[in-house]
Structure formats: C-alpha cells, structure tokens
Amino acid sequence: MALADARAIYPALDARPADPQADAALLDQIAAWCERYTPIVVIDAPHRLFLDISGCAHLLGGEAALLKDVKSRLKRQRLCLRAAIAPTPGAAWALTHAGERESVDENHLAEALAHLPVEALRLDTSAAALLKRLGLKRIGQLCDAPRAAFAARAGQNAMLRLDQAFGRAGEALTPRRPPPPLYQLRKLAEPIVTLDALMLVTQDLCESLCQILDEKGFGAQYLRITAFGVDMRLHQIELRLSHSERCPKMMVRLFREKLEREAERFNAEFGFEAVRLDALETSPWILRAVDLAPREAIYDVESEARLIDRIAARLGHARIGKIGVRDVHAPERASAALTNASLDAPAPQDGVMRRPLTLFARAHPIDAMASVPDGPPLRFRWRRVQHIIVRAEGPERIAPHWLRASDAKTRDYYRVEDAEGRRFWLYREGFYDGAEPPRWFLHGLFA
Amino acid sequence: MLHQDRRAANGESRTPPIASAHAPGALLTEIAPASPADAPAAFGFALGWALAHANGLILWAAPEHLEAEHGAPYAEGLAQFGADLTRIMCVRAANQTDALWTAEQGLSIPGALALCMVAPSPKGLSLTATRRLLLLAEKHQSRCVLVRLDPLTASAAWLRLSVRGAPSQGAARELGPPAFDVRLTRNRMGPSGHSWRLAWNAHDNSFVPAHALDGDLVQPAPHGPAQPRRVRAI
C-alpha cells in the first residue's frame, strides 16, 4: 500500500523514514537480552529471532511459562511481538507467521501446520505465488501432492522448507555469540559464597582445561570465568594474556590477582551454583629449547611475558607497556604505546640530546623574556620560580599539521640551561609580527 | 688498592670508583635529588645508573600523579639518552602502593632492574618496604633503584646518592652532555661522603668524569678501607 493510500484511509498516520541500521541494532539488543533464556540466540534478519531452548525451559518452569515470560517482559518494553514454540525452527516460523497457535509439540506438528497458508514456509514470493496459482493454498495440500513434480516447478527450496518445518531435513543456525571452542563447566551441589571456594573451583577448572589444551597442543590467550548466581545473575572475569599459557598454576595465580582486586564488586549474594571457564582464544603452543649454559645473563621472553600478565591482571592493560617512537613531527604525538610505534630508535650520531627525558602532557605556560624578538629567552618564571638562562640552543621550528590542527601556531623550540644547571625544553608559539604577542611554554625537562 | 684508586692518586682521568667498585654489589640503590628542583636530574641519573648496570629488562614504575609534576617518560628522549627502548617497560601505577608492588614483581626476574619512583609523602617510604625490595633482589639476583622524592627515612638501601644537576662545561652558550653532581651519602660496603661530577656518555651507556674538571674531586678515603668490604645489609 502506498503512503498516500494509507493517509487517505487514516489521515492522522504517523510516517517515519525507514532506518534499517537502527532496526538491526535494536534486534541485536533484543537478541542480547534474550540470552537470559538460552545461550543460543540466532538472529534472522530483518525482524526475527530464534531461541534454541532445548534443555533451558525447565529453568523457568516449562515451555508455556517461558513463552509467557518472554512475551510479558518484551511487551512491558513496548515491543509488539508474536512468539511460538515448536520442535523445529521452520515450524516455529510458520506458527508466528500465522499467529494462531503459540505452542505445538512433536505429535501434533503435522496437524498444526496442515491448515496454515503456504507463505508460512519461508518461501520467496514468486514460489509462493506459483503454488497459489496451482491451487495449493495450505501446507497440508502440499504435503499430499507428489513431490517430484512440485520440486521441478516451485524449485528445490519449496520442498526443502517443507522438510525443514517437519524436521525431515536438518537446519544449521548460526548463533549470535558462537560458543567458545573450549570450555569447562562445574555444576555445584551446594551454592558457594566465599572467595576461597570460588578459587578452589577455578583451580579445578583450570587444571582440567589445561589437560585438554595439553592434548591439543594449544595454549590459551584469552580466558573468561562465568559464575552463575543462584539469583540468575552472571558474574564474569576476563583474563587476557600476552602469550599462550597452559600452566594451571599461572592461570590460577592471575585469576586470584583479579578476584582479589575486584572482590568488592564481585558480590556473590546468594551464592554461585555453577562456574564455567571458557578459553575464548587459543593458539598453538610453541616449545622452546632451554639454553642450559647461557653465555650472558639475558632475560628470557617467557618470564617477561608472565611479568606483563601479572602486572596487567592487577593494574589493567592500559597501565603497562613499552613506549616507542612514532614518525610524526608534533612532539606530543611522537611518543606512544607500542601498538603503533617503533621501538627501533637509534641515538643520533652526534650524541646531542634534542628531546627531553620527560614531557608534560600539556605544555605549561610560562612568563618569559627574550632579548631579541626571535631569540631564546633571557629569563623565565615557572611555578613561581625565576630561572636565569645561561645557555640556550635553538630554535628548532615545528609547524603544526596542516590538516589535523590547521589553526595551531608554529612553535620554535629552545633547549635552555639555567644558572644551576637545570635544563628545560621551551617553545614560543606564534611570531612577534602578528596581532597577538607570542606566548611561551615549557614542554619538557632534560636530565 | 684498586686500579682506579691508584690512578686517582696519580691525578689521572679515570673511571669514577662509584661506577665500578661499589655499584656491582649494590642490590638496592636510592637516588635522591639534592633539592626538589633537582628531581629531573635525579630521574636522569637513575635512568643512566639503570642502563649502566642492567643488561636485562628495566621496569620503570611510577605513580601516575608524578606525571603532572615531572612529566611522563618520553620515548624519543629516552632513545637519545642511549636507552634501548625494547628493554624499558613503563608502568603507570594508580598510586604509590601499586608502583612498589610492580617493582617487587619486576624483581622476581633474574637480571632485571626495577626503577621505581617514590612520590613525596609526609611519612616517607617505610623501612619494611625497602627491606622487602632488598630481600627480593637478593633472592632473584636482580636490582632495584629507588628515586626518592619523599623524606629520606631509615632504609635498607646499600647505596644512597644525592644528585644535583651540574652546569654544562665547554663552548659558550652550548649545552653539553647531561652532567650531574653526585654525592655518596650512604654506603654499606665502604666509606661514604665522596662527591663526583659525572657526565653521561650516551654512546657507551656509562658515566664519565666531567672533562672540564681539573681538580681531584675524588679524595681517596682517609680512614676507610681501600678494598671495600662486602657486608650484608642490616
């Protein structure tokens, strides 16, 4: 129906432009929310979700109660929905399409589907139109018709969908969140509450996971512990490692570090009834030969990697790293964490230190006085202390990036030393011939 | 008499005894600025000390809030100072406790050197904290250098050095290599009280006597032993 026709019928119609991206994002959010019922949630764009509730329904008191819970909770969020439970995804699709029955079991499947229209079989429009033209309006009629003749006319798809709806053909669904390649689960007889008990379970999980890793010749790089609370709340601890690890002792040690750090946030409430350890990322384990007689004391890479993991587990990954040099002119952007910087920075041949040892994130404004307009300052005041400059070298002119900071001013950097032998890295921003007088800043400190 | 000391007695240019005789045994060294304004010089000297004495990993741990006061380590500057950036691991700790914990972790690697900044605080670092560091260093054959910006209290350190930035020598208006006035204020292995003016040689990663010094600043200890005794701390 065209919008004009719709408006003619109902003048107060509220029309909005379609936004498929926002719809997809909302569907994804709803899918994430649905993971409270089952870990396997499949998104069927543009507006359907499959929930594989095999073995999950009893947690909410049966299939009918689960369906009621889904519907009432989503309706409370002002979402319109149709939901149905069926033995196969195809049948559930058909039931929601028709919107008559909400639940059907295996024995009544054929009977429930028989009177539904053929469109309920997930057919493309041309195939459905053809079937209708041939007078086959109900699924039941299609079942009774000779297969070969229809497969030739309506395409293989029509029969495949029919078979899938009745469970005669398998159907592979891709879950929104793929299950981890390796995991270990412990269901506990009694809920556990204390940190020590949780650590015991963790140790047990780590040991059995490492056994599997050992057999496969793999090590874990990204681990996650999920503790399932009695009150249906999940608590997760993630552990990223800088190298592949398959030593349970090390894993437990790092998890303990994390747990002790987050003990306050980690509220067990009524206890945990199950704990699962997932290995989300694994990589092949590389065996290295041990140098039995090292000629010089070199640090080995493995102990360094373990040190990084230990520190990162407690302080966070953002706080530790090697710093490297980036090939950019702006001094404040030239030093960076390792990800996009090079560690290979040779010292200059002349041995002159042109850059300070420490740099301020924001240059400090100073009061400076220069003898000649374009010369180094004679004296300056920083943190209420007057410094008389005895020696100065420069200027080193650094122009701003023309695209990134086109309104920034050119800087002239000077290395200066005061009477007491303290060295500073100063710069003058702008020129004397402009409308505004130039300003002086202190950017770094030399040893 | 040590070779260096004999040359010292002859008034020759020599490797300062501080960099050769005492240092290899010093597992825990404290470096303090002579005045608060000399903190950058103390950083530079501590880094030089670390580069000269460690052949493994250098773990630089500093509490975050020191960055506002003294700036953050700058990669290009460190490289020009002669540091091999692959060996330096920087840790920005949230507080002093975390920084010290990081240093302790770093000390568990044999051959590593933990360089830890101690931020100013009213009470200063406790003896227990320094003792822990020393025991870890002894156990794992690693070293620790503390840059003490807090009040100097009782400590288990073997060496304590007071550092002041020294003016450049040489041609007018030119900045020379980084230079330091260093005073040995405490030495568990021998006499203390000496002072040196040292310049940093970025090429060799070593301290050399500042060239323009004519007089013999390093007096052989009048009452101390010529061969420093190796004594255990505390």
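Residues are numbered from 1 along each chain as its sequence is written, while chains are lettered from A and ligands numbered from 1 in the order in which they are written. As the model is predicted, local features need pLDDT of at least 70 and side-chain atom pairs count only at pLDDT 80 or more, whereas totals for chains, interfaces and linings use all residues.

Visitor: How many residues of chain B are in contact with chain A?
Guide: Contact here goes by C-beta atoms, placed from the backbone, that lie within 7 Å. On the chain A side, 48 residues take part. Across from them, the number for chain B is 52.

Visitor: Which element gives the most to the side of chain A that touches chain B?
Guide: Helices (H or I, at least four residues) and strands (E, at least two) are DSSP runs, numbered from the N terminus. Elements giving two or more residues include β7 (320–321), β10 (358–370) and α12 (301–315) of chain A. With six residues, the top giver is α12(A).

Visitor: Which residue of chain B stands opposite A:G321?
Guide: Strands pair if DSSP finds at least two bridges between them. Two bridges join β7(A) to β4 (residues 88–93) of chain B, and these strands run antiparallel. Within β4(B), the residue opposite A:G321 is B:C90.

Visitor: How many residues of β9(B) are buried?
Guide: Buried means 20 or more other C-beta atoms within 10 Å of a residue's own, with C-beta atoms placed from the backbone; 12 or fewer is exposed, and in between is partly exposed. Strand β9 (residues 195–201) of chain B is mostly covered. Of its seven residues, the buried ones number five.

Visitor: Which residue in the turn between β9(B) and β10(B) has a positive phi?
Guide: β9(B) pairs with β10 (residues 206–209) of chain B in the antiparallel sense over four bridges, and B:N201 is partnered with B:S206. The two strands form a hairpin with four residues between them. The phi of about 55° belongs to B:N205.

Visitor: Over in chain A, which strands are at the edges of the open sheet?
Guide: Four strands line up as β3-β6-β4-β5 (chain A), with antiparallel pairing. An edge strand pairs on one side only, and that picks out β3 (182–192) and β5 (234–245) of chain A.

Visitor: What is the bridge partner of A:T226 in β6(A)?
Guide: Eleven bridges join β4 (residues 218–229) of chain A to β6 (residues 272–284) of chain A, and these strands run antiparallel. In β6(A), A:T226 is partnered with A:R276.

Methods: Contact = placed C-beta atoms within 7 Å.
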